[in-house]
Amino acid sequence: ASKEVPSRAIIKLNDTEGDTGQLSSLQVLQLVHLAHEAGLETYISAGMTSAHMAPAVYAGVDGVGIGTSLHYKTADKTINGALNRSAILETLATRDRAEDQLRGRGARLLATLDRLHYEGNLSPDGEIKRSQLYSALLGNEEARLRAQCEAVMPLLAPFLERQPSHPVLDRAWRKLKFLELGAGAASAEQISHLETSLRTANLTTLKAIL
């Protein structure tokens, strides 16, 4: 956050000198990427409005905090009133549109690859593709970014078959999928043990394995 009230936006809208935001969109992308590959979730707040949702999505941020701009203002404009339903819906629509854009899809794919990297579920070829996708997002070149998104989809497809349920179970399932694909070193007995623990939802055993 910033020391001003209201806070200066944590992310800039247009990266120009006159923008009072604190970090450029590329800086946020770099920070989010570093956090994701270290196994962390990311959240940004401070001065955020509906207009900031697109650059937040393009950076691959997991969560965005928007406070005052989603409320009606009281008569003296010093206290927040009730939540503004229209402003909330507009913000969600802005997010959805950004997720459908090429940069939004690319950021989401990179976040998935970063998670697999942290979990040790990426092959050497996958690591190369992860680096190439990140570079394409930094360069924001449409043709290159589109090509890199298409290149990683076959790699990611097996890991996108499961609907999210429980963090430990989901991670164990990804590890099992990685091993079944023959990309990791494990004996048949180890794979069977992981499979049994996953089927019985034995969280204690799975945490020890992972």
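Helices here are DSSP runs of at least four residues, numbered from the N terminus. The model is predicted. In this model, H33 is found in helix α1, which covers residues 25-36.

H33 is buried, with a relative accessible area of 7%; the cut-off for a buried residue is under 20%. Its side chain is joined to that of D114 by a polar contact of 2.9 Å. Leaving aside residues up to four places away in sequence, H33 touches L110, D114, R130 and Y134.

Two of these neighbours, D114 and R130, also belong to a network of salt bridges that links them with E37 and E127. An α-helix has 3.6 residues a turn, so residues three or four places apart point the same way. R130 is buried, at 9% relative accessible area. E127 is partly exposed, at 26%.

The structure holds 9 salt bridges. Side chains of opposite charge can pair when their charged atoms come close. One of the bridges joins D170 and R162, with an N to O distance of 2.9 Å. D170 is buried, its relative accessible area being 10%. R162 counts as partly exposed, at 28%. Another salt bridge is formed by the side chains of D96 and R95, again with 2.9 Å from N to O. Here D96 is partly exposed, at 34% relative accessibility. R95 is likewise partly exposed, with a relative accessible area of 29%.

I191, L194, S197 and L198 of α8 are buried. Seen down the helix axis, the buried residues of α8 fall within an arc of 130°, and therefore line one face of the helix. These buried residues pack against α7 (167-180) and α9 (203-209). The other side of α8 carries the exposed residues A188, E189 and R199. Just after α8, A201 takes a positive phi of about 55°.

Terms used:
Residues are numbered from 1 along each chain as its sequence is written. This is a predicted model: local features need pLDDT of at least 70, side-chain atom pairs count only at pLDDT 80 or more; totals for chains, interfaces and linings use all residues. Side-chain values use heavy atoms; hydrogens and water are left out. Buried means under 20% relative accessible area, exposed over 50%, partly exposed in between (1.4 Å probe, protein chains only). Helices (H or I, at least four residues) and strands (E, at least two) are DSSP runs, numbered from the N terminus. The arc is that of the directions from the helix axis to the C-beta atoms. Contact means heavy atoms within 4.5 Å. A polar contact is a pair of N or O atoms within 3.5 Å; within protein, one must be able to donate a hydrogen and the other to accept it, and residues adjacent in sequence count only if both atoms are side-chain atoms. A salt bridge is a side-chain nitrogen of Lys or Arg within 4 Å of a carboxyl oxygen of Asp or Glu.
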